[in-house]
Amino acid sequence: MKRITALTLSLLLLLSLCACSGNSGTNDTQNAASGDTTLSTVAVTEDVDAAQAKSEKFKELEKYPVDIDTTGLNKNMLTAQMQSISQDPEKYLGQTIRLTATYQKQESNSADKPFYNFAFGYDDTGCCAAWGIEFYGDDVPDNIEAFAAISMVGKISQYDEDGKMYTFIDVEHFAV
């Protein structure tokens, strides 16, 4: 009976890990198996061109001096740094940070803010978002696509909303 329980738990764990891995390579594998590589090659070329354009915009942000540069950190170290900022924001208030992340927007019930901007990232498992932080600034466009790669330089700050303090990045320079 113990063996069946252990086997069942192992199978459930394996299935849960597979659920997080996604199916990003499915179309490429199917295309390669059928001999149709045109779509895959075009998609990869467009992705490379887009990545290079973003890379150039992101590199422009390297010229600004910062106190915290997260761009060279691996995903686990970045997660640790961002969680440290989240858990002990007073230690970081006023410091300038350079951050590259993924974008998400959330609607707000506040009359002052129609929506919240969030930068978030994943740890090395890539399964679920490991950290997130709000950001705002005059240089930030209103029409950023969800899950777009973003990069910014700004000061770590806080604001009070309904008696609760929230940490955010006051963006000085931004790139999509």
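Is Asp162 buried or exposed? Asp162 is exposed, at 77% relative accessible area. Exposed means over 50%, buried under 20%, and partly exposed in between (1.4 Å probe, protein chains only). This is a predicted model: local features need pLDDT of at least 70, side-chain atom pairs count only at pLDDT 80 or more, and totals for chains, interfaces and linings use all residues. Residues are numbered from 1 along each chain as its sequence is written, and side-chain values use heavy atoms, with hydrogens and water left out.

**Overall layout**
- The chain has four helices and six strands. These are DSSP runs, numbered from the N terminus: helices are H or I with at least four residues, strands E with at least two.
- From the N terminus, the order is α-α-α-β-α-β-β-β-β-β.
- Of the 176 residues, 28% count as buried.

**Nonpolar core**
- The largest nonpolar core holds 23 residues. Such a core is a set of buried Ala, Val, Leu, Ile, Met, Phe, Trp, Tyr and Cys residues joined through side-chain atoms within 4.5 Å.
- Leu99, Phe135, Ile150 and Met152 have the most contacts inside this core.
- Strand E2 (96–107) gives the most to this core, with four residues.

**Loops with positive phi**
- Most residues other than glycine have a negative phi.
- Asp162, in the loop between E5 and E6, has a positive phi near 55 degrees.
- Phe147 has a positive phi of about 70 degrees. Phe147 sits in the loop between E4 and E5 and is exposed, at 52%.

**Asp139**
- Asp139 lies in the loop between strand E4 (129–136) and strand E5 (149–161).
- Asp139 is partly exposed, at 39% relative accessibility.
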